[in-house]
Amino acid sequence: MRNILVTGAFGQIGSELIPALQQRYGAEHIVVSDIRMVPLQAQVPAPVGAEQNYEQVDCTQPQQILEAVRRHDIDTIYHLAALLSAVAEERPHLAWSINMGGLYNVLEAARQYRCRVFFPSSIGAFGPSTPRDHTPQVTIQRPTTMYGVTKASGELLCDYYAARFGLDVRGLRLPGLVSYVAPPGGGTTDYAVEIFYQALRYKHYRCFLGPATRLDMMYMPDAIRAMIELMAADGGRLRHRNAYNVTAMSISPEDLAGEIRKHIPGFAIDYQVDPVRQAIADSWPRSLDDSVAREDWGWAPRFDLASMSADMLARLAQKVTGPGGIGPQGLDPKGS
Ligand SMILES: NC(=O)c1ccc[n+]([C@@H]2O[C@H](COP(=O)([O-])OP(=O)(O)OC[C@H]3O[C@@H](n4cnc5c(N)ncnc54)[C@H](O)[C@@H]3O)[C@@H](O)[C@H]2O)c1
């Protein structure tokens, strides 16, 4: 085994993928990179010695990726750097440059140095003309957001590099991810993280999506396991290399609020719908069919709504309200 490069590693996923990769493959084999210059220890609970394995890499700069891959003898790239759905709608030109330009640069570096690549697609790769319930693995993909355009195009570009250059590119269409380590980066499903913090702090959350907006979600430990298991799977069994539907639950804000209320009696939710994020959510599937991932590489989630909510509240209770907790200072008491 050689070494693994993770781009965009200081984000919501990278903050938990890095320790999982370090544990599985050894810290000395994992190279952490992001455009952000953040002290490694502050973001990622890295084992001693891993500081040497940080590289500042802007994925829109092909030379920086090539240099990192060459210098660290990389054979696998987890390419996480991207702008998420809500941010991409605010800054569509930048989103194209980072999401598509960055992916192209990563695939080119992988082609030159024969690396394997993991590419995280999204439920955003679907659009309003896609069947919204039990969305099949292969179906209509006409997304109407810039984020979705970059994810659907990214899937195609990965297919092209696999077919044309024989590159081992694999990927997942991830649903909204719920986690407690790092904050979400500006997606349409961020409410499903914010709600836990605000429930513990104020017993109240003001949600930016309407009460019945049903979307696929997954708890981060399942998502991290899915990424690592897909990359470790027997390639000969993968019929859909780089865009597997995966999901764990299909839930709405009122479902999540009801579950939280079982732990925090009196928790209240109200709604102030953000038309931009609501329109994005309304263009996405309500529930994915992930049976192909289950058949091809044995995918199965371990957390459902009840077990995820119980674990989130237990983990966050210490962070938010316990000794040394971050408390309510400086936060929007109404949620956002
Ligand atoms: N979090 C989710 O719910 C979710 C769901 C589906 C798919 N995904 C995909 O997974 C990937 C990671 O998502 P995340 O939630 O960790 O995102 P995030 O916004 O939390 O983190 C993205 C990271 O990329 C970095 N970045 C931005 N521009 C960069 C550049 N030019 N070069 C290098 N790094 C740059 C940022 O500094 C940030 O640390 C993205 O491709 C996203 O589309 C995420």
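This report walks through the fold of a predicted model and the surroundings of its ligand.

## The chain as a whole

Let's start with the overall build. The chain folds into 12 helices and 12 strands. With a radius of gyration of 19 Å, close to the 20 Å that the globule rule gives for 336 residues, the chain is as compact as a globular protein of that length.

## Where the ligand sits

Now to the ligand, which sits in the largest pocket. Around the ligand there are 26 residues, and those that come nearest are Gln12, Ile13, Asp34, Arg36 and Tyr147. By type, the residues of this shell divide into 15 nonpolar, 7 polar and 4 charged.

The largest share comes from S5, with 3 residues.

## Polar contacts and cover

On the backbone side, glutamine 12 has a polar atom 2.8 Å from an oxygen atom of the ligand. Glycine 11 also takes part through its backbone, where an N or O atom lies 3.3 Å from a ligand oxygen. Aspartate 58 uses its side chain instead: an N or O atom there is 2.9 Å from a nitrogen atom of the ligand.

How much of the ligand's accessible area does the protein cover? On its own the ligand has 830 Å² of accessible area, and the protein covers 93% of that.

Note on methods. Residues are numbered from 1 along each chain as its sequence is written. This is a predicted model: local features need pLDDT of at least 70, side-chain atom pairs count only at pLDDT 80 or more; totals for chains, interfaces and linings use all residues. Side-chain values use heavy atoms; hydrogens and water are left out. A residue is near a molecule or strand if one of its heavy atoms lies within 4 Å of it. A polar contact is a pair of N or O atoms within 3.5 Å; within protein, one must be able to donate a hydrogen and the other to accept it, and residues adjacent in sequence count only if both atoms are side-chain atoms. Accessible areas come from the Shrake-Rupley method with a 1.4 Å probe; for residues, only the protein chains shown count as cover. On a 1 Å grid over the protein atoms alone, a cavity is a set of points where a 1.4 Å probe fits but cannot get out, and a pocket is an open set with protein on both sides within 12 Å along at least five of seven lines; lining residues have an atom within 4 Å of a point. A molecule sits in a cavity or pocket if more than half of its atoms lie within 2 Å of its grid points. Helices (H or I, at least four residues) and strands (E, at least two) are DSSP runs, numbered from the N terminus. Ala, Val, Leu, Ile, Met, Phe, Trp, Tyr, Cys and Pro count as nonpolar, Asp, Glu, Lys and Arg as charged, and the others, Gly among them, as polar. The radius of gyration is taken over C-alpha atoms; the globule rule is 2.2 Å times the number of residues to the power 0.38.
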